[in-house]
Amino acid sequence: MSRGMLMSFSDPVAGMVPSLVPFQYNPAEVTRVLRVQQGGGGGSGLRVAGPPTESYTLKIELDALGAIEKPITGALGVGPLLATIEAMLEPGGGGLAALVGAVAGVLGSGGAGAQTVPAPTLPLVVFAWSVTRIVPVRIDSFTARETGFDALLQPVQATVDLSLTVLRDRDLQADMTLAKVMATAYQAVRTASAAVGIAQGVELML
């Protein structure tokens, strides 16, 4: 069975090895919301500021008891997976880049000749949900409910609620080539599906 997952290549400690969080059990429900960006007047209620924003919300279940024979899960429960998702909300992935940036900020904060420290940047995360939904996203919120613990009080069962914002080509930096390809392909699949939907609408009327 195919599994959904979150992927991030942005942690400099891992380098080109991605941070992967495969869904142990695929969510029973995934909610997708599109919101129109209201335009700036002009006498038309159809005028908009741009394409709609798109977001996903989903609930994933983590259970170490279902993989107790595996060395990492058996010893540490689901804590490492929770930490991996949390790192996707940390500027620089919570890794070496975040530490270096913080030190640079402190050292460069004084004196007229100090350089401006770039604004912190979140890791790029890819949400994979079927072959037609592989898209770069930003994780907007993370809520974890730890519902089971081992003798050392390490979490062995948890439910995680995630809210994701889909990133379009224009939301991505110029050097994020692969992410831009994913974003463009995601929108292209939707356009193609809409074209098929016209035929399907006629089909269902017959």
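Phe23 and Trp129 are both buried, where buried denotes a relative accessible area under 20%, exposed over 50% and partly exposed the range in between (1.4 Å probe, protein chains only). The two residues form a tilted aromatic pair, with 6.4 Å from centre to centre and 45 degrees between the planes; rings of Phe, Tyr and Trp (its six-membered ring) are paired if their centres lie within 6.5 Å, and planes under 30 degrees apart are termed stacked, those over 60 edge-to-face and the rest tilted. The model is a predicted one, in which local features need pLDDT of at least 70 and side-chain atom pairs count only at pLDDT 80 or more, whereas totals for chains, interfaces and linings use all residues. Residues are numbered from 1 along each chain as its sequence is written, and side-chain values use heavy atoms, with hydrogens and water left out.

The pair links distant parts of the chain, since Phe23 lies in the loop between E2 and strand E3 (30–38) and Trp129 in the loop between strand E5 (125–128) and strand E6 (134–149), 106 residues apart. The structure holds 3 aromatic pairs, and Phe23, Tyr56, Phe127 and Trp129 form one aromatic cluster. In the loop between E5 and E6 there is also Ser130, whose phi is near 80 degrees, a positive value in a residue other than glycine. Ser130 is partly exposed, at 45% relative accessibility. A positive phi, near 65 degrees, is likewise found at Leu153, a residue other than glycine. Leu153 belongs to the loop between E6 and E7 and is exposed, with a relative accessible area of 65%. Most residues other than glycine have a negative phi.

At the level of the whole protein, the secondary structure comprises 4 helices and 7 strands, which follow one another from the N terminus in the order β-β-β-β-α-α-α-β-β-β-α. Helices (H or I, at least four residues) and strands (E, at least two) are here DSSP runs numbered from the N terminus. Of the 206 residues, 29% count as buried, and the protein exposes about 12600 Å², of which carbon and sulfur atoms supply 63%; these areas come from the Shrake-Rupley method with a 1.4 Å probe, and for residues only the protein chains shown count as cover. Among contacts between residues at least 6 apart in sequence, 61% join residues at least 24 apart, a contact being defined by heavy atoms within 4.5 Å.

Ser163, in strand E7 (residues 155–166), is buried at a relative accessible area of 18% and, when neighbours within four places in sequence are left aside, is in contact with Tyr56, Thr57, Arg138, Ile139, Asp140 and Ser141. Leu167, in the loop between E7 and helix H4 (177–205), is buried as well, with a relative accessible area of 13%. With neighbours within four places again set aside, the contacts of Leu167 are Leu124, Val135, Pro136, Val137, Arg138, Leu172 and Ala183; the C-alpha atoms of Leu167 and Arg138, 29 residues apart along the chain, are separated by 7.0 Å. Val48, in strand E4 (residues 48–63), is by contrast partly exposed at 43% relative accessibility. Residues up to four places away not being counted, Val48 touches Val36, Gln37, Gln38 and Gly39, and the C-alpha atoms of Val48 and Gln37, 11 residues apart in sequence, are 5.6 Å apart in space.

The second largest pocket has a volume of about 420 Å³. Of the 17 residues that line this pocket, Pro22, Ala67, Lys70, Thr73 and Leu81 are the closest to its centre. On a 1 Å grid over the protein atoms alone, a pocket is an open set of points where a 1.4 Å probe fits, with protein on both sides within 12 Å along at least five of seven lines, and lining residues have an atom within 4 Å of a point; grid points are joined across faces, edges and corners, and the volume is the space filled by probe spheres set on the points. Strand E2 (19–22), helix H1 (71–76) and helix H2 (79–87) each supply at least two residues of the lining, with H2 giving the most, 3 residues. The lining divides into 9 nonpolar, 5 polar and 3 charged residues, where Ala, Val, Leu, Ile, Met, Phe, Trp, Tyr, Cys and Pro count as nonpolar, Asp, Glu, Lys and Arg as charged, and the others, Gly among them, as polar. Helix H2 also contains Pro80, which is partly exposed at 33% relative accessibility; the C-alpha atoms of Pro80 and Val21, 59 residues apart along the chain, are separated by 9.9 Å.
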